[in-house]
Amino acid sequence: MLHYDATTEILTLPDGTVFRAVSGGGRGARRVRRNGAGRRLATRLLAVDGERDWTVKATETRRGGPLPPGLYLVHPPSRHPRLGLACFLEPYPGNEMQGRDDFWIHGPGPRGSDGCIVPLGRPGQRRGLHHLMAALARLAPTTLRVNGAG
């Protein structure tokens, strides 16, 4: 079983491997900017002052909160047209979803997270997302337990 603690922002695999991962409030966004020489630089926002209430659903003017606590079935990684390589998180029937849905584990992108889990990599490892997706391909389908925040 996988475990995600939304308070500490830690995703733990069954073998004890740990990833820093954010969820909700637009955290995990990757913004592209240019330096003084016109060279493109990618800057990843690890955390911003975003919504921390898991009951908040994203709207056009407000970012969604973290992933609601509960159990999720983690599907094997697949190519998502907007998210790239990602694992769909299917909520178990007993979860209180507050009308929220469509959660994934995926890499950083321009919008960050409205409740999806966005791994930020492992310290000292450049291919954190690829390592995680390879592990999830071996484990899936599996269960993810999410402890709440807020």
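Here's a quick walk through this predicted model, from the overall layout down to one threonine.

Start with the secondary structure: the protein has 11 strands and 1 helix. Looking at contacts with a separation of 6 or more, 54% of them in the protein link residues 24 or more positions apart. As for the surface, the protein exposes about 8,100 Å², and carbon and sulfur atoms supply 50% of that. Of its 150 residues, 43% count as buried.

How far does the predictor trust all this? The average pLDDT of the protein is 80, with 68% of the residues scoring at least 70. Among the elements, strand E6 (residues 70-74) has the highest mean pLDDT, 97, while strand E5 (residues 40-44) has the lowest, 52. Over residues 44-51 the pLDDT is below 50, though in the model this stretch still has 27 contacts beyond near neighbours in sequence.

Now zoom in on Thr17, which you'll find in the loop between strand E2 (10-12) and strand E3 (18-23). Is Thr17 buried or exposed? Its relative accessible area is 14%, so Thr17 counts as buried, the cut-off being under 20%. The side chain of Thr17 makes a polar contact of 2.7 Å with the side chain of Asp15. Then look across to Leu132: Thr17 and Leu132 sit 115 residues apart in sequence, yet their C-alpha atoms are 9.2 Å apart in space.

Technical notes: Residues numbered from 1 in each chain as written. Heavy atoms only, no water. Helix = DSSP H or I, 4+ residues; strand = E, 2+ residues; numbered from the N terminus. Buried < 20%, exposed > 50% of the residue type's maximum accessible area, 1.4 Å probe, protein only. Contact = heavy atoms within 4.5 Å. Areas by Shrake-Rupley, 256 points an atom, 1.4 Å probe, with all protein chains shown as cover. pLDDT = per-residue confidence, 0-100. Polar contact = N/O pair within 3.5 Å; in protein donor to acceptor, adjacent residues only side chain to side chain.
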